[in-house]
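Subject: Structure for your files

Dear colleague,

Please find the structure below. My notes on it follow.

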Amino acid sequence: MKKIINHLIQLQELCFAYSEQEVLQAKDHLEQLQQSIHSLENGLPEDLSAIFKKVSNHYKLAIVPMIKGVCRGCGVRLPISMAQEVEQAEKIFQCPNCARIIYPYEGDKVKFKLHKDKPDIIKLGVMRFSSVRLMKPSLGANTKEEAIGELAKLMVTQGFIEESKEFLEQALNREAMASTAVGSDLAFPHVRGVEGGGLTFAIGLKKNGIKFGATDRTLSRIIFFIIIPAAASSFYLTLLSGLIQSFRNPEVRKSMINSATDKEMWLKLIKFTKDKIK
Ligand SMILES: [Zn+2]
């Protein structure tokens, strides 16, 4: 049964990546993802494939972990006997409240630290998701691996995550599914499904650009590295879309790329996103 659960999780990751690529407007990757989705769907038992499709029509995430007896999708506590059966993972269960498919959570290697960044300040818009301490005006990196690694390390030194290796690995796995680069300067490498913490991103600039696998072969100069808690998965697509709209204007991108300090980047980020990210 574990194999089927992994199969479903993988299928869901692909479906989610598909939604992301739609937001990123990376049309070339869509067909390739659609094919992978079909082949995974075909590998499932028919009844399960039907359940997955039905639940997917209602929710962005059709399969969610059960953590300490609670469905991660809707937050409802499962009956004890059912929770025990879910733990055993001998068959597939759906949450009696929301109908999402549930699987036993086996602990995450990647964990957020709870960070408290001047809690007395009321944060608005993009300020809720980042910090001046997560702005890096000149990345030393020359490859996407190095760039993601550098931003993950920045998050560690600034106390947002505990260690960077696992985050780097997961972000690269996601890049392997389909690049998160959007033509003209932008890339959005990310890690999804971590437990705890809040949606958080760091930005690194590379004036000469880095090859991130954009379909039009343009280089990425503004790299957003995003950590997405399981609970914020759907909201993340809204943030992503807000960031893309804010940086669609070439003048805006140019201004950001030419930032000299973290403070300058931060103030520009707030200014440029003020209408698109509320
Ligand atoms: Zn539920």
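Ser220 lies in strand 10, residues 220–229 (strands, E, at least two residues, and helices, H or I, at least four, are DSSP runs numbered from the N terminus). This is a predicted model, in which local features need pLDDT of at least 70 and side-chain atom pairs count only at pLDDT 80 or more, while totals for chains, interfaces and linings use all residues. Residues are numbered from 1 along each chain as its sequence is written, and side-chain values use heavy atoms, with hydrogens and water left out.

Ser220 has a relative accessibility of 1% and therefore counts as buried (buried is under 20% relative accessible area, exposed over 50%, partly exposed in between, with a 1.4 Å probe and protein chains only). Leaving aside residues up to four places away in sequence, Ser220 touches Ala181, Asp185, Leu186, Ala187, Lys206, Gly209, Ile210 and Phe212 (contact means heavy atoms within 4.5 Å). Its C-alpha atom is separated by 16 Å from that of Ser246, 26 residues apart along the chain.

Salt bridges

The count comes to 6 salt bridges (a side-chain nitrogen of Lys or Arg within 4 Å of a carboxyl oxygen of Asp or Glu). One of them joins Arg221 and Asp185, at 3.0 Å from N to O. Arg221 is in strand 10 and Asp185 in strand 7 (residues 185–187), so the pair ties together parts 36 residues apart in sequence. Asp185 is buried at 12%, whereas Arg221 is partly exposed at 23%. Asp185, Arg221 and Arg253 are linked in a network of salt bridges.

Glu13 pairs with Arg192, their closest N and O atoms being 2.6 Å apart. Lys268 and Glu264 form another salt bridge, with 2.8 Å between the closest N and O atoms; both lie in helix 9 (residues 262–273), 4 residues apart, about one turn of the helix.

Zinc site

Which residues coordinate the zinc ion? The SG atoms of Cys71, Cys74, Cys95 and Cys98 do, at 2.3 to 2.4 Å (donors are N, O and S atoms within 2.8 Å of the metal, or 3.2 Å for Na, K and Ca). The 4 donor atoms subtend angles of 108 to 113 degrees, which makes the arrangement tetrahedral (four donors, all angles between 85 and 135 degrees). The donor residues are spaced C-x2-C-x20-C-x2-C in sequence.

Regards

Terms used:
Four donors count as tetrahedral if all angles lie between 85 and 135 degrees; four count as square planar and six as octahedral if opposite donors are over 155 degrees apart and all others between 65 and 115; anything else is irregular.
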